[in-house]
Amino acid sequence: RGPVPDGGKTYYYNAQTKVSTYKKPPELMTRLERLLDASPWSEYTSKENGRKYYHNKETGVTSWDLPDELKKALQGGAE
């Protein structure tokens with residue numbers, strides 16, 4: 001993993017396959033990142049206050065709190 005030399009977006013490079021990608025590979029993701037990747041929810045950080053918030057691209061719902069379905073999956077051990 002490394003920043004683009006001009007200070008741009010982080011990318012990931014697999015030395016074995018020689019493949020670069022801007023998308024974080026699943027094996028490097030946290031459990032929450034994997035859950036978000038498999039759901040309609042995305043996590044963002046507010047530029048105004050630095051707080052994380054969540055947006056569901058299917059329903060259009062936005063929330064400051066971690067959505068219940070993700071909370072339950074994290075607490076229940078679901079991946």
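In which sense do strand β5 and β6 pair, and over how many bridges? Strand β5 (residues 52–56) pairs with β6 in the antiparallel sense, over 2 bridges. Two strands count as paired if DSSP finds at least two bridges between them. Tyr54 stands opposite Ser63 in β6.

The model is predicted: local features need pLDDT of at least 70, side-chain atom pairs count only at pLDDT 80 or more, and totals for chains, interfaces and linings use all residues. Residues are numbered from 1 along each chain as its sequence is written, and side-chain values use heavy atoms, with hydrogens and water left out.

The chain holds 2 helices and 6 strands. Their pattern along the sequence is β-β-β-α-β-β-β-α. Helices (H or I, at least four residues) and strands (E, at least two) are DSSP runs, numbered from the N terminus. An open sheet is formed by 3 strands in the order β4-β5-β6, with antiparallel pairing. Its edge strands are β4 (41–45) and β6 (62–63), each of which pairs on one side only.

Of the 79 residues of the chain, 20% are buried. Buried means under 20% relative accessible area, exposed over 50%, and partly exposed in between (1.4 Å probe, protein chains only). The accessible surface of the chain is about 6,100 Å², and carbon and sulfur atoms supply 50% of this area. Accessible areas come from the Shrake-Rupley method with a 1.4 Å probe; for residues, only the protein chains shown count as cover. Among contacts in the chain with a separation of 6 or more, 20% join residues 24 or more positions apart. Contact means heavy atoms within 4.5 Å.

The largest nonpolar core has 7 residues: Leu35, Leu36, Trp41, Tyr54, Leu66, Leu70 and Ala73. Elements giving two or more residues to this core are α1 and α2 (68–76). A nonpolar core is a set of buried Ala, Val, Leu, Ile, Met, Phe, Trp, Tyr and Cys residues joined through side-chain atoms within 4.5 Å. Leu70 touches Leu35, Leu36, Ser39 and Trp41, not counting residues up to four places away in sequence.

Ser39 lies in the loop between α1 (31–37) and β4. Ser39 is buried, at 13% relative accessibility. With residues up to four places away in sequence left aside, Ser39 touches Lys57 and Leu70. A polar atom of the Ser39 side chain lies 3.1 Å from the backbone nitrogen of Trp41.

Aromatic side chains form 2 pairs in the structure. One of them, Tyr53 with Trp64, is edge-to-face, at 5.6 Å centre to centre and 70° between the planes. Rings of Phe, Tyr and Trp (its six-membered ring) pair if their centres lie within 6.5 Å; planes under 30 degrees apart count as stacked, over 60 as edge-to-face and the rest as tilted. Tyr53 lies in strand β5 and Trp64 in the loop between β6 and α2, so the pair ties together parts that are 11 residues apart in sequence. Tyr53 is partly exposed, with a relative accessible area of 24%. Trp64 is also partly exposed, at 41%. Tyr44, Tyr53 and Trp64 form one aromatic cluster.

Backbone geometry draws attention to Lys18. Most residues other than glycine have a negative phi. Lys18 is not a glycine, yet its phi is positive, about 60°. Lys18 is found in the loop between β2 (10–14) and β3 (19–21). Its relative accessible area is 60%, so Lys18 counts as exposed.

Methods
A polar contact is a pair of N or O atoms within 3.5 Å; within protein, one must be able to donate a hydrogen and the other to accept it, and residues adjacent in sequence count only if both atoms are side-chain atoms.
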